[in-house]
Amino acid sequence: METDLHEDCEKLLFSAEEIASGTRSVAALLDEAYRGTTPVAVCVLKGAVFFFCDLLRAMRTPAEIEFLRASSYRRGATSGTLCVDDALSFEPRGRDILLVEDIVDSGKTLRSLKASLLERGAKSVKTVTLLDKPSARKVSFEVDYKVFDVGAGFVVGYGMDYAEKYRKLPYIALLKPAMYGG
Ligand code: PRP
């Protein structure tokens, strides 16, 4: 199906069909990894919301689902101070936890969340992301599972925003630099 690109976007990166197919492939790998266990899948709000729902429905593993909020105060495309709401609504002690993200950029969010869950006694913490942007790393962090790699540029859609816009686009696209002063 042809994608009708939003006028603020410069280029389509991944169509809804490509996202769905990549998500199914990663779901199969996760089913393999979690065979015989009941992990807690944690959606890192807000950006991961659509990926989380599609990934979990594509998995056969009987995972529990939980949500937590992490956000960095950003000015334009620059990642700032990380703010993690660590008032968890579940007990991580002794559990196998799967952290689900939309994008790994500097690596600070997942690195910090993973460390915090392990500190609270989680049995294991694995990470999965829809997009990985290795060129943007500021701390050393390697994600366990990913759907796609992306290069430079501001990415929006399928949960990802710029100033809270574009999250509900069904595809992933590069935002025009003029839209964020890039
Ligand atoms: C984005 C994304 C990740 C984080 C990744 O969240 O959803 O949580 O940034 O960046 P990092 O690797 O540099 O830490 P954001 O802070 O934009 O909040 P949002 O999910 O509510 O959009």
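I started at Ala 163, which is exposed at 60% relative accessible area. My cut-offs: buried is under 20% relative accessible area, exposed is over 50%, and partly exposed is in between, with a 1.4 Å probe and protein chains only. The model is predicted; local features need pLDDT of at least 70, side-chain atom pairs count only at pLDDT 80 or more, and totals for chains, interfaces and linings use all residues. Residues are numbered from 1 along each chain as its sequence is written, and side-chain values use heavy atoms, with hydrogens and water left out.

I read phi of Ala 163 as near 50 degrees, a positive value in a residue other than glycine. Ala 163 sits in the loop between strand S8 (155–156) and S9. Helices (H or I, at least four residues) and strands (E, at least two) are DSSP runs, numbered from the N terminus.

I then checked Tyr 166, in the loop between S8 and S9. Tyr 166 is not a glycine, yet its phi is positive, about 75 degrees. Buried or exposed? I find Tyr 166 buried, at 8% relative accessibility.

**Aromatic pairs**

I searched the whole structure and got 6 aromatic pairs. Rings of Phe, Tyr and Trp (its six-membered ring) pair if their centres lie within 6.5 Å; planes under 30 degrees apart are stacked, over 60 edge-to-face, and the rest tilted. I looked up Phe 154 and Tyr 162: they are edge-to-face, 5.3 Å centre to centre, with 85 degrees between the planes. Phe 154 is buried at 13% relative accessibility. Tyr 162 is buried too, at 19%. Ring pairs link Phe 154, Tyr 162 and Tyr 180 into a cluster.

**Cysteines**

How many disulfides are there? I count 0 disulfides; the rule asks for a pair of cysteine sulfur atoms within 2.5 Å. For Cys 43, the closest cysteine sulfur is in Cys 53, 6.8 Å away, so the gap is too far for a bond. Cys 43 is buried, at 0% relative accessibility. Cys 53 is partly exposed, at 35%.

**Helix H2**

I went along H2 (residues 49–58) and noted Phe 51, Phe 52, Leu 55 and Leu 56 as buried. Seen down the axis of H2, its buried residues fall within an arc of 120 degrees, so they line one face of the helix. The arc is that of the directions from the helix axis to the C-beta atoms. I recalled the rule: an α-helix has 3.6 residues a turn, so residues three or four places apart point the same way.

**Cores**

A nonpolar core here is a set of buried Ala, Val, Leu, Ile, Met, Phe, Trp, Tyr and Cys residues joined through side-chain atoms within 4.5 Å. The largest has 29 residues, and Leu 30, Phe 51, Leu 55, Val 128, Leu 130, Leu 131 and Ile 172 touch the most other members. Each of helix H1 (16–33), strand S2 (40–45), H2, strand S5 (96–104), strand S6 (124–132), strand S7 (145–149) and strand S9 (172–175) supplies at least two residues of this core. I also logged a second, separate core of 16 residues, including Val 42, Leu 68, Leu 110 and Phe 141.

I listed the contacts (heavy atoms within 4.5 Å) of Leu 55. Not counting residues up to four places away in sequence, Leu 55 touches Thr 23, Val 26, Ala 27, Leu 30, Val 100 and Val 128.

**Cis bond**

Last, I checked Lys 46, in the loop between S2 and H2. The peptide bond from Leu 45 to Lys 46 is cis, with omega near -5 degrees.
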